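I opened a new structure today and kept notes on what I looked up. The entries follow in the order I made them.

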Amino acid sequence: MTSRPAPAGGEPVTVTVARRVAPGREGEFEAWAEKLTRASALFPGFLGAGLLRPGRVGEDWHVVYRFDSTARLAEWERSPARARLLDEGEELMQTTAVHRTSGLETWFALPGRTAPAPPRWKMFLVSVAGIFALQLVLHLLLDPAVDSWALPIRVAAVAVPVTALMTWVVMPRVAWLLQRWLYAPPGDRGSGH
């Protein structure tokens, strides 16, 4: 997967497109997907793209791409270059699903899972619990040492590690541990039975 750093202040959008490739045309599809990636990389806001091959023959392939904002993603998606390439690839594959994530939804992405993000109220509850616990622990540990610091620096001393820990340590583990409840179908109380 190719990637570029996200600009400060932007909310990146990740799009995952599931495609069923025509049997025997996998090589052509890979070449077409690479062409599509090269074309998208020329557009402002492009952050990266990749191709995920299926685990078994006959399963969907996944094209993943990221832009730094929904506006720039829309520019790519409405472009004549993309339309032309999609027309070229039409005989190679069939799109079976499209999934977009941005903001908090990316905290709840599980490897190998292409299901939609959990309901926002569940993401809110889990995020609040994680942020509260981390802030409580960090304040208990850091307050005595940073008490004399200016308020913005004290806030940064907690906000930066909380954000980093939530992104790379806490949320990947919590999302995995709570996946049965987070991704329970509507109407299922997520009892685990």
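Before reading any accessibility, I noted the cut-offs: a residue under 20% relative accessible area is buried, one over 50% is exposed, and one in between is partly exposed. I also noted that this is a predicted model.

**Entry: Arg 25 and its partners.** I looked up Arg 25 and found a relative accessible area of 21%, so Arg 25 is partly exposed. Its side chain meets that of Glu 28 in a salt bridge, 2.8 Å from N to O. Glu 28 is partly exposed as well, at 42%.

**Entry: overall layout.** I read six helices and five strands in the protein chain. Along the sequence, their pattern is β-β-α-β-β-α-α-β-α-α-α. Of the 193 residues, 34% count as buried.

Entry: How many salt bridges does a search of the whole structure find? I noted seven. In one of them, the side chains of Glu 34 and Arg 38 meet at 3.7 Å, N to O. These two residues are four apart in helix H1, so about one helical turn separates them. I have Glu 34 as partly exposed at 41%, and Arg 38 as partly exposed at 49%.

I then turned to Glu 88, which forms a salt bridge with Lys 35, with the closest N and O atoms 2.9 Å apart. This pair links distant parts of the chain: Glu 88 sits in helix H3 (residues 80-89) and Lys 35 in helix H1, 53 residues apart. Glu 88 is partly exposed at 38%, and Lys 35 is partly exposed at 37%. I also recorded a network in which salt bridges with shared partners join Arg 25, Glu 28 and Glu 91.

**Entry: the cavity.** I counted one cavity of 30 Å³ or more. The largest cavity holds about 50 Å³ of space. Which residues line the largest cavity? I listed Leu 36, Thr 37, Ser 40, Ala 49, Val 63, Tyr 65 and Trp 76. Helix H1 (26-40) supplies the largest share of this lining, three residues, and strand S4 (61-67) supplies at least two. By type, the lining has five nonpolar residues, two polar and no charged.

**Entry: Met 171.** Is Met 171 buried or exposed? I found 0% relative accessibility, so Met 171 counts as buried. Met 171 lies in helix H5 (residues 151-177). Gly 130 is 41 residues from Met 171 in sequence, yet their C-alpha atoms are 7.7 Å apart.

**Entry: a surface patch.** I noted a nonpolar patch on the surface, with about 770 Å² of accessible area together. Its members include Trp 121, Phe 124 and Leu 140. Phe 124 lies in helix H4 (residues 120-146).

Key: Residues numbered from 1 in each chain as written. Predicted model: local features only at pLDDT ≥ 70, side-chain atom pairs only at ≥ 80, totals over all residues. Heavy atoms only, no water. 1 Å grid on protein atoms, 1.4 Å probe; cavity = no way out; pocket = protein on both sides within 12 Å on 5 of 7 lines; lining within 4 Å. Points joined across faces, edges and corners; volume = space filled by probe spheres on them. Nonpolar A, V, L, I, M, F, W, Y, C, P; charged D, E, K, R; others polar. Patch = residues over 30% accessible without salt bridge, like charges linked within 9 Å, V, L, I, M, F, W, Y side chains within 5 Å. Areas by Shrake-Rupley, 256 points an atom, 1.4 Å probe, with all protein chains shown as cover. Salt bridge = Lys/Arg side-chain N within 4 Å of Asp/Glu carboxyl O. Buried < 20%, exposed > 50% of the residue type's maximum accessible area, 1.4 Å probe, protein only.
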